[in-house]
Amino acid sequence: MSKQIKYSKAIHEAFTYLLENHDEFFVIGQGLWSPWYVGETMKDLDKKFGKSRVIDTPVSELAVTGATIGASITGFKPLVVHPRVDFMLLAIDQIVTQAAKWRHMFGNNSSAPATFRAIINRGGEQGAQHSQSLQSWFAHIPGLKVVMPYDANDARDLLISSVLADDPVIFMDDRWLYDEVSFDKGLKLLDLKDVKPEIISTGDDLTIVGSGYTVKQIIDCKKEISKLGVEPEIIDLRILNPIDYNIILKSVEKTGRLLVVDGDWSSCGIAAEVICSVTEELNPSIFKSKPMRVTLENAPAPTSKVLEEDYYISKERIIEATKKII
Amino acid sequence: MSNFENLNDINSFTHFSELDISTISNETLIKMLYKMILIRKAEEKISDNVENGVIKCPCHLAIGQEAIAVAAGLSMIDGDKAFGAHRSHAHFLALNENTYSLFCEVLGKEDGCSKGMGGSMHIIDQKNGFYGSVPIVGATIPIATGAGLSISLKKEENISISYFGDGACEEGVLHESLNLASVMNLPTIFICENNLFSSHLRIDQRQPDLYTSRFALAHKIESKVLDGNNITELYKFMKNQFISVRKSHKPIFIEALTYRWKGHVGFREDEDVGVKRSQDLSKWRDRDPILLLVNELIKENKLSKEELKKMENEILEKIDSDWDKALNAKFPDKSNLNNFVYS
């Protein structure tokens with residue numbers, strides 16, 4: 001019997017699984033006892049599993065993140081929730097300078113296997129300080145893994161594998177995906193080390209790479225792109241650091257064309273990284289056209305609805321870029 | 001009460017107290033003395049080799065502050081977890097007298113406590129209760145608080161210890177962490193080693209009051225100001241309080257007032273980034289924590305001058321031999337650079 005699963009429900013399932021099966025797991029963060037901070041993704045978990053394992057906190061991103069790391073160093077596999085990426089930046093020392101380096105600087109004698117759930121919550125006229133995603137910032141840091149699921153099954157399975165991994169992981173889920181529905185393949189226990197980019201649909205003419213919400217946008221453009229007479233091969237990155245390039249390289253070798261869509265700014269971003277790594281590896285003669293990227297406009301997020309329409313990535317911009325490439 | 005106008009007058013420090021060895025066993029007293037001298041001599045060895053250029057990594061020395069680490073170390077039991085900062089050689093050696101491991105680490109050698117990957121500022125010895133030190137000011141305060149959360153969630157009878165200095169009290173994270181530990185009832189001991197200096201600035205140039213324990217009050221955490229150079233007072237207080245916090249799971253804040261003999265970083269003594277401290281320093285040398293204990297032990301006939309000399313010689317021999325061995329130890333394998341990034 002085929003079953004559907006909603007992205008937000010999938011995250012909820014992951015938490016339920018972890019709380020039921022792993023005593024070394026707890027989750028902490030602002031708003032966990034409130035119905036609206038994290039949508040349906042954690043509904044009533046505190047009631048089912050108790051307030052000592054689903055912990056709401058004072059307004060102290062830095063100390064709470066540091067405490068999560070401290071717990072991870074001393075035997076737990078905890079997850080700290082940041083209901084908005086923007087506020088997580090208050091904890092940046094602990095994530096970037098402590099957790100990411102802990103194993104290396106202590107010569108592999110210790111580690112900080114905490115997971116930082118960074119929720120991307122933007123649009124709706126929320127403005128410059130309630131709209132950032134910043135995945136490429138985090139992906140820049142050796143020692144941090146960055147996971148960004150598009151598919152609901154991934155939202156569940158990669159959340160579990162992020163928590164159970166022995167490394168610090170930034171898990172970024174986008175609220176724009178919460179109501180998306182996938183065919184439920186059932187919970188799968190994956191080792192994060194084995195997770196690679198995934199080909200969502202195959203095609204011979206153009207490789208389009210996305211991550212998180214942009215994968216959905218690319219898929220939404222597929223019919224229209226086909227009408228242009230080209231079949232796109234759509235690749236979901238899933239993990240932004242470290243990136244396994246094999247699948248992408250093979251695809252571009254086949255198609256000779258590369259478009260990267262990244263829901264963040266272009267400068268020093270994931271799209272730049274993917275294009276650079278692919279062009280460094282492949283012989284220039286295989287390219288039928290210049291690689292391209294579609295990213296956010298290079299400005300802080302605006303508030304006015306009219307400006308938001310231009311700021312965020314639209315279907316039209318993806319189609320326009322596709323036309324230029326082919 | 002603020003004593004700023006008297007910071008130059010050591011006699012005006014109201015927290016100074018007399019040592020009282022009467023209720024501490026001879027064995028413990030000798031252990032205290034041994035550990036303090038070992039730390040002193042090890043740091044003097046490091047200081048000499050920073051000066052002559054053999055050690056390259058930044059070394060922040062705790063010479064003059066040994067009593068605090070030794071008192072806390074002797075009050076810890078299995079399962080207690082301490083976290084340090086940039087000035088942590090003493091915290092490490094107080095728990096494990098392995099000077100070879102420390103020397104190797106400051107030399108970037110494979111046998112170092114962090115396999116030569118950390119240097120002086122990133123030392124660790126989890127087996128003996130030292131869970132890591134880092135030089136970002138205040139950074140281990142929330143991490144130690146999280147170790148307290150671990151102990152609390154596992155319902156263990158243990159404590160976590162956060163060592164930090166008066167400078168770290170100017171970081172916002174201390175206040176977030178004290179609040180968290182207080183509202184969540186975490187068994188964390190916050191130990192502020194107030195040595196009056198943060199880098200080159202004396203506390204009266206940075207804070208409106210001498211006593212950092214005033215911050216504990218705001219978070220309803222019990223606190224106590226102690227003479228940081230009086231090991232018997234420190235030990236008796238810590239020993240009892242650690243026992244009590246292991247049961248109560250309520251944080252406490254201990255402020256140990258002391259003085260840093262060396263500059264902020266490196267071997268230089270009486271000057272620090274242009275600040276002359278020679279007058280203060282000579283007075284504080286008279287309140288050397290080691291000297292104070294030696295005087296008391298000799299006065300009470302618990303130690304002879306000969307025994308002291310013998311102990312010092314033994315320590316010096318161990319240090320010289322460990323240093324020479326460390327000089328000849330191997331450097332880390334080059335593959336460590338990339339192998340330790342992820343699990």
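Buried here means under 20% relative accessible area, exposed means over 50%, and partly exposed is in between, with a 1.4 Å probe and protein chains only. Helices (H or I, at least four residues) and strands (E, at least two) are DSSP runs, numbered from the N terminus. The buried residues of H2(B) include Glu66(B), Ser75(B) and Leu74(B).

Some ground rules. This is a predicted model, in which local features need pLDDT of at least 70 and side-chain atom pairs count only at pLDDT 80 or more, while totals for chains, interfaces and linings use all residues. Residues are numbered from 1 along each chain as its sequence is written, chains are lettered from A and ligands numbered from 1 in the order in which they are written, and side-chain values use heavy atoms, with hydrogens and water left out.

Now chain B as a whole. It has twelve helices and ten strands. Its C-alpha atoms fill a box of roughly 50 × 50 × 45 Å along the principal axes. A compact globule of 343 residues would have a radius of gyration near 20 Å, and the 19 Å of chain B agrees with that. That radius is taken over C-alpha atoms, and the globule rule is 2.2 Å times the number of residues to the power 0.38. Of the 343 residues, 60% count as buried. Take the contacts (heavy atoms within 4.5 Å) in chain B between residues at least 6 apart in sequence: 76% of them join residues at least 24 apart.

One residue as an example. His60(B) sits in the loop between helix H1 (26-51) and H2 of chain B. It is buried, with a relative accessible area of 6%. Leaving out residues up to four places away in sequence, His60(B) touches Glu43(B), His86(B), Arg87(B), His89(B), Ser120(B), Met121(B), His264(B) and Val265(B).

Next, the interface. How many residues does each chain bring to the contact? Chain B brings 39 residues and chain A brings 42 residues. The size of an interface is often given as the accessible area lost when the parts come together. Buried area in this talk is the accessible area (1.4 Å probe) that two parts lose on being put together, summed over both. Between chain B and chain A that comes to about 3,200 Å², with carbon and sulfur atoms giving 68%. On the side of chain B, Ile143(B), Tyr342(B) and Ser343(B) lose the most area to chain A, together 22% of what that side buries.

There are zero salt bridges between the two chains. A salt bridge is a side-chain nitrogen of Lys or Arg within 4 Å of a carboxyl oxygen of Asp or Glu. Polar contacts do cross the interface: the rule finds 18 residue pairs, both at pLDDT 80 or more. A polar contact is a pair of N or O atoms within 3.5 Å; within protein, one must be able to donate a hydrogen and the other to accept it, and residues adjacent in sequence count only if both atoms are side-chain atoms.

Which elements of chain B give two or more residues to the side that touches chain A? They are strand E1 (81-84), strand E2 (130-133), helix H5 (140-153), helix H6 (172-183) and helix H12 (336-339). H5(B) gives the most, with eight residues. By class, this side has 22 nonpolar, 13 polar and four charged residues. Ala, Val, Leu, Ile, Met, Phe, Trp, Tyr, Cys and Pro count as nonpolar, Asp, Glu, Lys and Arg as charged, and the others, Gly among them, as polar.

Last, salt bridges. In one of them, Asp184(A) pairs with Arg156(A), the closest N and O atoms being 3.2 Å apart. Asp184(A) lies in the loop between strand E8 (181-183) and strand E9 (198-201) of chain A and Arg156(A) in helix H7 (residues 152-164) of chain A, so the pair ties together parts that are 28 residues apart in sequence. Asp184(A) is buried at 8% relative accessibility, and Arg156(A) is buried at 0%.

In chain B, Glu314(B) and Lys310(B) meet in a salt bridge at 3.8 Å, N to O. They are four residues apart in helix H11 (residues 305-327) of chain B, about one helical turn. Glu314(B) is partly exposed at 43%, and Lys310(B) is exposed at 56%.
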